[in-house]
Amino acid sequence: WLKAHYKEAFMAAVLSSDMAHTDKVVIFVEECRQLGITIVSPDVNRSQYKFSVDEKMHILYGLGAIKGVGEAAIVNIIEARKEKPFQDLFDFCARVDARKVSRRVFEALIRSGACDNFGMERAFLMETLEEAIKASEQLVKNYAQGQDDLFGVSLSADDVLMKPREVLVKPWTARVRLQGEKETLGLYLTGHPLEQYENELRQLRTSTIRDLKIEKNRRQIIAGLIVMVRTLLTRKGDKMAFITIDDGTGRQEIAIFADQYRENKELLVKDNLVVIEGEVGADDFSGGLRVRCMEIMSLEKARMKTARLLKIKLCSDELIDSFSGKLMAAFKPYQDEIGCPVQLVYQQLGAAVVLRLGEHWRVNPKEALLEDLKVMEGVESIDVNY
């Protein structure tokens, strides 16, 4: 009973929250997740200035909580959509007031996910934004001059000229998409950056933060995104740091003492993904756990140190004649004689073949290589085995 009433009271607090204080909004959203309250991404066709409740009793993200989108722009958007919802980006640009909804506002809306219901990838929307803005400017100019088209029919936002051209755009990676949400909303709304690495991290770490516990005389490995960094001077005058990392299951503060700080200070930046080996003990001050870092690494360094195999599963239906050449070209910048061996898995008609490439094709499994392989035609999946 208490939990149910607290949930109702908390929802009421979220709905009445001040949009000007994004940091408080972030705290509210995180608490909603803990309570099992669904938060729906902002939507230019449905969201109000403040948070609201949709027909499914989910909380709909308020447009006022998007950084870079002012109240005047939001009022204009809500007014413009009263007659009918915006159909696509071109329709959206044409029907709002360019003096109030600037290019910067459009970009923030796209990156936050507020234009996702147009049914296009965010990368495509961003790529065609310039064209949509120019088309809307031309439409306004034609209206002002009283121009009609060649058939004597007045131009409108529904005109066929207001449709995007065919363009091939590479979809944003999960990392880029989520970073856009973090920068515009202050948090990751549609996922967590660690989700794409979950298979790797499960093999690398000994525990999640949520399940971390004291084990004497045993180092433990955790991994997460740095969400907070603070530095201070020791009594000897050396610099050390306390960082807080988030792995999606919880947050943990970690002490980085002077020797580790000197060697790895370039890693101690917010939003960096780090792998930490350390000793876990009791924190008498907070009553929780304390972690002392013995080694801190980037994920790429951890891969190089411990990965046994890069496994690439091929999709036979999508393989093209030039695939092998493109694959070798992708590998070439990352070839490393002490790198990770590569294994190809090809399956068709119930039969499968596993091909391990020669030692000459060992590679350094850097993030850039993995991203290139993921979008390569003919590649079904990629796994780094430890």
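**Ground rules.** I worked from a predicted model, in which local features need pLDDT of at least 70 and side-chain atom pairs count only at pLDDT 80 or more, while totals for chains, interfaces and linings use all residues. Residues are numbered from 1 along each chain as its sequence is written, and side-chain values use heavy atoms, with hydrogens and water left out.

I looked up the strands first, taking helices (H or I, at least four residues) and strands (E, at least two) as DSSP runs numbered from the N terminus, and counting two strands as paired if DSSP finds at least two bridges between them. I found 5 strands closing into a barrel in the order 4-5-6-8-7, with mixed pairing. The twist from one strand to the next averages 50°, where axes are lines fitted to C-alpha atoms (for helices over the stretch in contact) and angles run from 0 to 180 degrees between N-to-C directions. Strand 4 (residues 220-233) pairs with strand 5 (residues 239-246) in the antiparallel sense over 8 bridges, and Leu233 has Lys239 of strand 5 as its bridge partner. I also noted that helix 10 (residues 299-306) lies across strand 7 (273-282) and strand 8 (289-298), running at about 75° to strand 8; contact here means heavy atoms within 4.5 Å.

**Strand 9.** I then followed strand 9 (residues 309-315), where 5 of its 7 residues are buried (under 20% relative accessible area, with exposed over 50% and partly exposed in between, using a 1.4 Å probe and protein chains only). Strand 9 runs antiparallel to strand 13 (residues 379-385), joined by 6 bridges, and Leu309 stands opposite Asn385. With strand 11 (residues 342-348) strand 9 runs parallel, again through 6 bridges, and there Cys315 faces Gln347.

**Pockets.** I took a pocket as an open set of points on a 1 Å grid over the protein atoms alone, where a 1.4 Å probe fits, with protein on both sides within 12 Å along at least five of seven lines, and lining residues as those with an atom within 4 Å of a point. The largest pocket holds about 670 Å³, a volume being the space filled by probe spheres set on the points, which are joined across faces, edges and corners. Its lining has 22 residues, with Glu30, Arg33, His192, Asp246 and Arg251 nearest the centre, and helix 2 gives the largest share, 5 residues. The second largest pocket has a volume of about 410 Å³, and Arg175, Tyr197, Asp271, Asn272 and Leu273 lie nearest its centre.
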